[in-house]
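Hi everyone, thanks for making time.

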Amino acid sequence: MFRSLSRQLATKASINTPSKLQDVVIIGGGPAGLSLLAALKSSNKTKHLKCTLVEGASLDPIRNFGVNPPPEYTNRVVSLTPKTIEYMRDKIGNWNFINQERVNFYDTIVAYDSQDNEARIKFDASTIGDSVLAAMCENLNIQSSLLERIEELNLNTMDPEQKSILYDNTKVVEITGPEVAAEHELPYIDPKEGEPDLDWPTVTLSNGESLQARLLVGADGFNSSVRKFSHIASRGWFYNRFGVVATVKLQYEDYRSLAWQRFLTTGPLAILPLTDNNATIVWSSTPELSELLVSVDDAIFPHLVNAAMALEETDLSYIYSLLKKNPSDMNAVEEIKWRMSRVDSSLVDEGYPLPLESVVPRSRARFPLKMAHADTYTAPRVALIGDAAHSIHPLAGQGLNMGQSDVASLVSALEDGVTRGLDIGSTLVLEQYTANAWPSNHVMLGICDKMHKIFSTDWPPIVFFRGFGIKSLNMLGSFKDVIVRALSGR
Ligand SMILES: Cc1cc2nc3c(=O)[nH]c(=O)nc-3n(C[C@H](O)[C@H](O)[C@H](O)COP(=O)(O)OP(=O)(O)OC[C@H]3O[C@@H](n4cnc5c(N)ncnc54)[C@H](O)[C@@H]3O)c2cc1C
């Protein structure tokens, strides 16, 4: 009853206050939404479109990063593929605004199995004639560069109608359209002469304004309100795992540009290199373990990561049990040191990452991990991009990169539509986007999901076959090259 009333009120409000007409309204100022806005305004074919972006949170932390970045690395860091970097450099034009001192390229990743130390695989970009596998970059660095690019494009645009409009601290209160009215049995309101066509979705904002969009884009993350409005189903599951992230310091700077990932049965632990002796970690773990990882003392946490990269899982379980009783128990550190002293010394230099020295205070946080994929990315006058369309396990570092591919495919479809003189909100234009973006995302989602499942077990037959698979794969150069190409987005 209340929902239905609030919808009617919202509908009336949008009739009384004239809606602002826009060609593209983007909901969400995360990496995907900002990239789409900057890409549309950078393209000669689409730069004339009237575009507005609405972000619920404040953009100040992003702006501040550009002016005065914090001395330590922030904890949301992603690995960008060479394909994403090329797109940012050549099409969006934000790469010039990236703070390059806080980007770290790496060429190799070593992955190994906690159940079988011999089961190791090395992916090296040089095998496909490349010098870069990926680059580590803070989310804030990416978003800040995109904002700067949008501001630059606005400054270079003479026609005020063509300047991008950005609202932050502004929530979407309501999205209405004919489908919503039909579903809730509200009367369909005929458009009065001279008034906008009501076939365009209307977005009511918390600042009292309403926008009517030829094309409404959901870049509003996993809980996308645009996806819900358009009744696009999304399928998937929570993994009952959390990704614990932290900024850490290695004992000294690594002369190699190497990333490490160890597959534990509780989930993979990755140490990814940043500049100097900095690194970022992503430790996928059970709800109980992740709680422990964010609550143990700063003095204990680095030892725990060192242990998890090298010790047997039975040793780890014992250490966790000590810390569960007392997260400040320094005896756990003594236990770790003693057990680490028994690790095969032939592996210490080359087989494991450099040990951690410390964790940056207050840099630990945890995020629930899930897999979700929308059945389609488009509906009439609606498109979904980024996490609004798909959420993926972070074990292969692909989520944000997939969002960039979405942006590239959607912009290309809109460019074609504009060139052919078509309505950019029409299914004819938008279906090209789903056709190009959905299948490859589906394959990547499936691969990461299966990897999570295959490595989450210590059941001996599976351990045997995956160990056999990893060792064989490590020797099959040409097949490994296919994976290196996929990891770097080639
Ligand atoms: C632990 C972890 C590690 C990861 N590592 C990597 C990696 O190495 N490489 C990689 O490529 N990806 C990685 N990812 C994934 C990556 O972080 C996400 O895919 C990416 O941030 C999604 O960007 P987005 O813009 O689509 O969505 P989001 O970042 O979720 O942005 C959505 C935006 O929409 C806004 N919003 C939501 N609802 C509304 C509303 N109603 N009104 C207005 N605004 C709204 C939100 O405030 C937010 O700013 C990782 C993820 C995790 C959890």
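Let's start with a cysteine: Cys137 is buried, at a relative accessible area of 0%. Buried here means under 20% relative accessible area, with exposed being over 50% and partly exposed in between, using a 1.4 Å probe on protein chains only. Cys448 counts as buried too, at 1%. And disulfides, meaning cysteine sulfur pairs within 2.5 Å? There are zero in the structure.

A quick word on the source: this is a predicted model, where local features need pLDDT of at least 70 and side-chain atom pairs count only at pLDDT 80 or more, while totals for chains, interfaces and linings use all residues. Residues are numbered from 1 along each chain as its sequence is written, and side-chain values use heavy atoms, with hydrogens and water left out.

Okay, domains. The assignment, which is automatic or from a database, gives domain 1 as 2-74 + 139-233 + 375-449, and domain 2 as 239-367. Seven residues of domain 1 and eleven of domain 2 make the contact, that is, heavy atoms within 4.5 Å.

How much area do the two domains bury between them? About 820 Å², with 58% of it on carbon and sulfur atoms. Buried area is the accessible area (1.4 Å probe) that two parts lose on being put together, summed over both. On the domain 1 side, Glu72, Tyr73 and His393 supply 66% of what that domain buries against domain 2, more than any other three residues.

Glu72 comes up again: its side chain forms a salt bridge with that of Lys249, 3.0 Å from N to O. The rule wants a Lys or Arg side-chain nitrogen within 4 Å of an Asp or Glu carboxyl oxygen, and it finds one such bridge across this interface.

Note on methods. A disulfide is a pair of cysteine sulfur atoms within 2.5 Å.
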